[in-house]
Amino acid sequence: MPDDLSTIRPALKAAAPRLHSCANVVATGVGYKISQGARTSNLSIVCSVSKKLSPTQLSTRDLVPPAIDGIPTDVVETGRIRAFQSRTDKHRPAPGGVSIGHRDITAGTLGCLVQKNGSTFILSNNHVLANSNDAQPGNPILQPGPIDGGRFPDDHIADLHEFVPITFSQPEPPSQCPAARAVAAFLNATCRVIASKTRYKIVTLQAEDNLVDAAIARPLNQTGVKDEILELGIIQGSAEAALGTTVKKSGRTTGLTTGEILQIDVTANVQYGAGQVARFTDQLLAGPMSQGGDSGSAVLDDENRLVGLLFAGSDTTTIINRIQNVFSALGVSR
Amino acid sequence: MTLAFAAMLSAIVLVQACSEEAEMPASIYGVKTKYEDQLMAKPGVVSVGIGRDDQGNAAIIVGLDRPRAETVEALPKELEGYPVLTSVTGPLKAQ
């Protein structure tokens with residue numbers, strides 16, 4: 001019996017076009033023949049079929065012959081073979097790590113599910129779910145996001161519920177308040193008298209620095225979402241990331257990537273589209289692990305504990321909100 | 001009027017507080033917070049954070065949008081005993 005790969009492979013190559021023309025055949029290859037459920041030591045030409053039918057249900061032409069050039073064949077049912085679903089496809093139920101977005105944006109990443117007042121919500125960035133403050137609660141959220149072909153109403157997965165407004169930086173304007181200016185002038189005169197180098201300048205109060213770029217959306221249907229993250233699995237609670245913590249994320253654009261926390265307590269100026277800049281404080285900084293479209297990815301440590309929410313970066317750097325700040329800003333938990 | 005008076009009083013208290021130097025060695029967090037605005041104001045600085053130098057010591061790390069010799073020159077080499085390093089991160093953008 002020919003059991004030598006060098007004989008079988010040319011035979012398979014010659015027979016493959018004919019075999020693939022048989023109804024239901026989806027793949028051919030070389031493998032050990034399975035007989036009565038057990039693997040034998042005989043090599044065979046294996047024909048994978050979408051559905052295994054009895055010979056009486058098939059035309060003679062569509063029957064896989066019992067042997068080809070003396071080499072036995074085997075027919076196994078694998079079902080239809082599909083490419084793994086892409087992250088930019090429509091997913092129902094949708095796990096973390098796939099494309100999502102407000103109807104007026106391009107696309108970001110569905111981070112994970114969180115709880116608030118006993119309900120389940122989708123967590124991602126403000127600039128993904130709430131179009132960088134330019135949205136109203138109740139606006140439709142699409143999965144996949146618009147740039148990935150998401151359309152209303154077919155791909156409507158959730159409604160924007162709440163977002164933490166982002167404060168964009170503005171040049172510091174001098175105060176217009178005359179009373180305040182008079183007080184400042186007096187105080188500065190006092191300082192000069194006592195030879196202190198302290199001086200007072202009155203400015204219009206700037207809003208506080210940002211801690212998070214975060215928003216939540218309410219799924220239209222609980223069966224439309226899945227409480228796990230593509231390629232990362234189930235989240236095991238949350239934790240604090242520290243310098244040196246190994247982290248990973250699963251995002252729409254770059255998929256599963258890993259990195260290391262290189263800086264903590266980071267203050268960073270982040271650009272949002274057309275010339276808008278927002279200053280963030282108390283951020284985590286990791287090496288390169290993301291690109292545009294990965295925003296909103298949940299960041300986990302190596303024990304699958306949630307440590308952050310990815311929102312910005314460059315080719316060399318990734319900026320991550322601490323999950324503790326996200327939880328307290330939105331009043332959500334895991 | 002009452003407000004202005006209160007402001008004057010607190011100013012005097014502040015002036016006195018400022019003239020007394022804290023004796024405790026400051027934590028790197030405190031030092032970073034103290035100098036942060038000053039560091040962020042230098043041309044091309046996009047971030048200031050706490051990381052480690054090559055020897056593993058706690059360091060203040062200043063991120064730059066591109067290589068900038070003048071800014072690197074103008075930055076202090078250390079602040080209250082903590083090394084100050086620079087790192088070119090490129091412009092940071094929402095993704």
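I looked for salt bridges between chain B and chain A, and the rule finds two across the interface. A salt bridge here is a side-chain nitrogen of Lys or Arg within 4 Å of a carboxyl oxygen of Asp or Glu. I noted one pair: Lys32(B) with Asp265(A), closest N and O atoms 3.5 Å apart.

The model is predicted, so local features need pLDDT of at least 70 and side-chain atom pairs pLDDT 80 or more, while totals for chains, interfaces and linings use all residues. Residues count from 1 along each chain as written, chains are lettered from A and ligands numbered from 1 in written order, and side-chain values use heavy atoms, without hydrogens and water.

Next I checked contacts (heavy atoms within 4.5 Å). I found 29 residues of chain B in contact with 36 of chain A.

How much area do chain B and chain A bury between them? I read about 2,500 Å², 56% of it on carbon and sulfur atoms. Buried area is the accessible area (1.4 Å probe) that two parts lose on being put together, summed over both.

Then I turned to strands, which are DSSP runs of E, at least two residues, numbered from the N terminus; helices are runs of H or I, at least four. Strand 18 (residues 306-313) of chain A pairs with strand 5 of chain B, antiparallel, over two bridges. Pairing takes at least two DSSP bridges. In this pairing I saw Gly313(A) opposite Lys93(B).

Last, I looked at helix 4 (residues 323-330) of chain A, where the buried residues include Ile323(A), Phe327(A) and Leu330(A). Buried means under 20% relative accessible area, with a 1.4 Å probe and protein chains only. Just after this helix, Gly331(A) takes a positive phi of about 65°.

Definitions and conventions: Buried means under 20% relative accessible area, exposed over 50%, partly exposed in between (1.4 Å probe, protein chains only).
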